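Here are my comments on the model you sent. Please read them with the structure open.

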Amino acid sequence: MPFKELSVDELIQINKNRVELTFKKGETIIKQGALAAHIVYIKSGLVKVYREHGTEELVLSLESKGKMIGLQALFSQGIYPYSVTAYDDVSVCLLDLNAVKSLLSENAMFASQLLNLLNEETLFSYNRMACLTLKQLHGRFADLLLCLSLRIYKRKEFSVPLSKKDMAAIMNMSQESLSRVIKDFTVEKIVDLKGNRISILNFEKIRHLSLVG
């Protein structure tokens with residue numbers, strides 16, 4: 001984490017300019033186009049990061065504990081480029097944007113770590129767009145399962161606060177198409193779904209479907 005690069009005095013400076021909040025499921029944490037006042041650090045919970053266009057939205061990513069959101073505002077015109085909404089109860093720490101900015105010029109290692117995080121986000125966005133535009137339905141669902149298993153929950157069995165409507169929106173497919181894909185995955189004993197509980201039974205098969213799309 002970038003904050004490991006800060007001195008005691010710099011950490012005190014950051015702590016003087018932070019506040020902790022909780023958001024309930026469905027509440028907006030960041031609004032696209034709003035003036036950016038904070039960097040958001042997720043302490044717990046699951047959120048969706050998405051672009052809005054009229055009444056439509058495109059889910060860019062799912063994020064959870066340990067993620068810093070809004071870093072783009074540090075190097076732009078200070079406008080949030082996306083919205084963020086809580087998928088379940090979420091606890092966050094809001095870091096004053098100007099306080100973080102001031103440290104960029106004072107601590108080169110801290111600035112380098114933040115740039116590394118932004119680079120990782122850029123590479124993730126490339127892969128995300130490739131998934132949505134180049135992969136078939138089964139490949140998209142495989143990508144979602146890998147995301148949940150490897151990035152979010154870090155295990156093969158987990159419960160998700162996502163409805164089928166939520167999952168369909170994440171993969172840019174209809175709920176009917178999602179139901180067909182889920183049926184295929186369960187019949188082939190790739191996954192087992194009971195309510196909001198997902199158990200991955202054949203991890204290698206999911207990796208293969210993700211690769212071949």
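Predicted model: local features only at pLDDT ≥ 70, side-chain atom pairs only at ≥ 80, totals over all residues.

1. The largest nonpolar core has 34 residues, and Ile29 and Ile69 touch the most other members. At least two residues each come from strand 2 (28-30), strand 3 (38-44), strand 4 (47-53), strand 6 (68-69), strand 7 (83-86), strand 8 (90-96), helix 2 (97-106) and helix 3 (108-134). Strand 8 gives the largest share, 5 residues.

2. Beyond its neighbours within four places in sequence, Ile69 is in contact with Ile30, Ile39, Val40, Ile42, Val47, Val49, Glu63, Tyr82 and Val84. A separate core holds 32 residues, including Val59, Ala142, Tyr153 and Phe203.

3. Ser91 is located in strand 8. Ser91 counts as buried because its relative accessibility is 16%, below the 20% cut-off. Leaving out residues up to four places away in sequence, Ser91 touches Leu21, Thr22, Tyr41, Ile42, Lys43 and Ser44.

4. Helix 7 spans residues 203-212, and its buried residues are Phe203, Ile206, Leu209 and Ser210. These cover an arc of only 125 degrees around the axis, so they lie on the same side of helix 7. In general, an α-helix has 3.6 residues a turn, so residues three or four places apart point the same way.

5. What do the buried residues of helix 7 pack against? Their partners are helix 4 (137-152), helix 6 (175-187), strand 10 (191-194) and strand 11 (197-200). The face turned away from the buried side of helix 7 carries the exposed residues Glu204, Leu211 and Val212.

6. Gly213 follows helix 7 and has a positive phi, near 75 degrees.

How values were computed:
Residues numbered from 1 in each chain as written. Heavy atoms only, no water. Core = buried A, V, L, I, M, F, W, Y, C linked by side-chain atoms within 4.5 Å. Buried < 20%, exposed > 50% of the residue type's maximum accessible area, 1.4 Å probe, protein only. Helix = DSSP H or I, 4+ residues; strand = E, 2+ residues; numbered from the N terminus. Contact = heavy atoms within 4.5 Å. Arc of directions from axis to C-beta.
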